[in-house]
Amino acid sequence: MIRAYASKLQDDTGSIQSIFLYNQMLDTGIKPDCHSFPFLVKECTRRLDGIHGRIIHGHIIKFGWHNDLFIQNSLISFYSRLGSLSIAHSLFDEMPHRDIVTWNSLMVAYLRSGDLDAAFELFTKMKKRNIITWNSIITGFVQGGRSREALDFFHQMQLLGDDLVKPDKVTIASILSACASLGAIDHGKWVHSYLKRSEVEFDMVIGTALVDMYGKCGSLERAVEVFDEMPKKDVLAWTAMISAFALHGYSEDAFDLIVAMKSQGVKPNEVTFLGLLSACAHSGLVEKGRWCFDMMRRVYSIQPQAQHYACIVDILGRAGLLKEAYELIKSMPMEPDVYVWGALLGGCQMHGNVELGETVAKHLIYLEPLNHAFYVNLCDIYGKANKFDKAKRIRALMNENGIKKEFPGCSMIELDGIVYDFSIKGSPEIVMDEINWVLIGLCHQMKINRDISHCID
């Protein structure tokens, strides 16, 4: 009975029937065994019920089941979901025996918390790994912004050649996401070819991931091909294709697609409208942007979020309609975030509106006083208006408060399947030598051309 209630998906009453039955069992003098506790802990984990979970943990120790492998694994999952990673790791360290579930549970906990280095340390110590291990570390690193390392994990997985651990739909979707974020088109094409010769099902999730990858990697034609080949398309697939058109500045195609989408009986969601507004921003379509913003509220009853407001403010700002954008921000039902204000600041910077730009920049600095970008933007606005004294004061303020760019900008390029990055921190020496060689050659060629033109004159 405890297992049945603990496995129940939802209890709308808010009570914990399994805990009630457990207390009844204790009242009748029946001692719990190793089968009782995992389901009780599972129920507390599902509900994020720290009070009852800790009471159950106390009973586990009291009745001598604290060294049971399955119970310990359930406790690690419980404390991990509560965010008590130190307790989870202590339980892990105290366990006399661990299985792959134990290792996976703690590694996933660190991945969810964003501590990718701790998760990687556990991963390197694992003697056995299953598909859950590989999918977790790959997906965790992709979501954590370390896509290059995620690709390395995928290559390691391939090199093992283990028939028991083969990439599945989760692996492929995550790797395609990594390729999309890196712009690694060659890797993406290889994954696509792997899909065609493997037994992995080509479903809507994989198809959508391919459309997104090709779109973000600059191959719009391939994105359209994959999209057209998909037998079934949900709102996510349509949205991915619309976003790809928007990214490449094909606003008319994006709007044609929304018409086709509606004709197929698929309703757009908030992300779809985000793609349409982005298309308007890229193409300077002010009226269509207003129409989209109005339609999502009036026709589809979708309440705009901060991202939608940021897009429409960007559209108005680029068009020089700064006053309208400012009034829109003031009418927002939620507190405008830095992206909304940042879109307006970009418009002020573009059109040289010093007065409003100064107001917006100071508000952004108030919201995020350590963000160097807002100071730099304000300096740029002052500089373009020949207010060099004010620009100098802002730079002095930055130096005084030690405000500087924490993470240097980075450019990436894929060449022969290898992703290279270039930043102020340093770049691959061999590649830099080749670039310097090309630059020197160009300089010599320009000098020769200049000398020839002088001779002709």
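Mentor: Buried means under 20% relative accessible area, exposed over 50%, and partly exposed in between, with a 1.4 Å probe and protein chains only. This is a predicted model, where local features need pLDDT of at least 70, side-chain atom pairs count only at pLDDT 80 or more, and totals for chains, interfaces and linings use all residues. Residues are numbered from 1 along each chain as its sequence is written, and side-chain values use heavy atoms, with hydrogens and water left out.

Trainee: Is H308 buried or exposed?

Mentor: H308 is buried, with a relative accessible area of 2%. Its place is in helix α19, residues 306-318 (helices are DSSP runs of H or I, at least four residues, numbered from the N terminus).

Trainee: What is H308 in contact with, leaving aside its neighbours within four places in sequence?

Mentor: E270, F273, L274, L277, F293 and M296, where contact means heavy atoms within 4.5 Å.

Trainee: Which backbone oxygen lies 2.7 Å from a polar atom of the H308 side chain?

Mentor: That of E270.

Trainee: Switching to α11. How many of its 14 residues are buried?

Mentor: Ten, so by the cut-off above α11 is mostly covered. Among them are T171, I172, L176 and C179.

Trainee: What is its reach from first C-alpha to last?

Mentor: Helix α11, residues 169-182, reaches 20 Å, close to the 20 Å expected at 1.5 Å a residue; the expected span is 1.5 Å times one less than the number of residues.

Trainee: And what comes just after α11?

Mentor: G183, which takes a positive phi of about 70 degrees. Just after α3, L48 takes a positive phi of about 50 degrees.

Terms used
Helix = DSSP H or I, 4+ residues; strand = E, 2+ residues; numbered from the N terminus. Polar contact = N/O pair within 3.5 Å; in protein donor to acceptor, adjacent residues only side chain to side chain.
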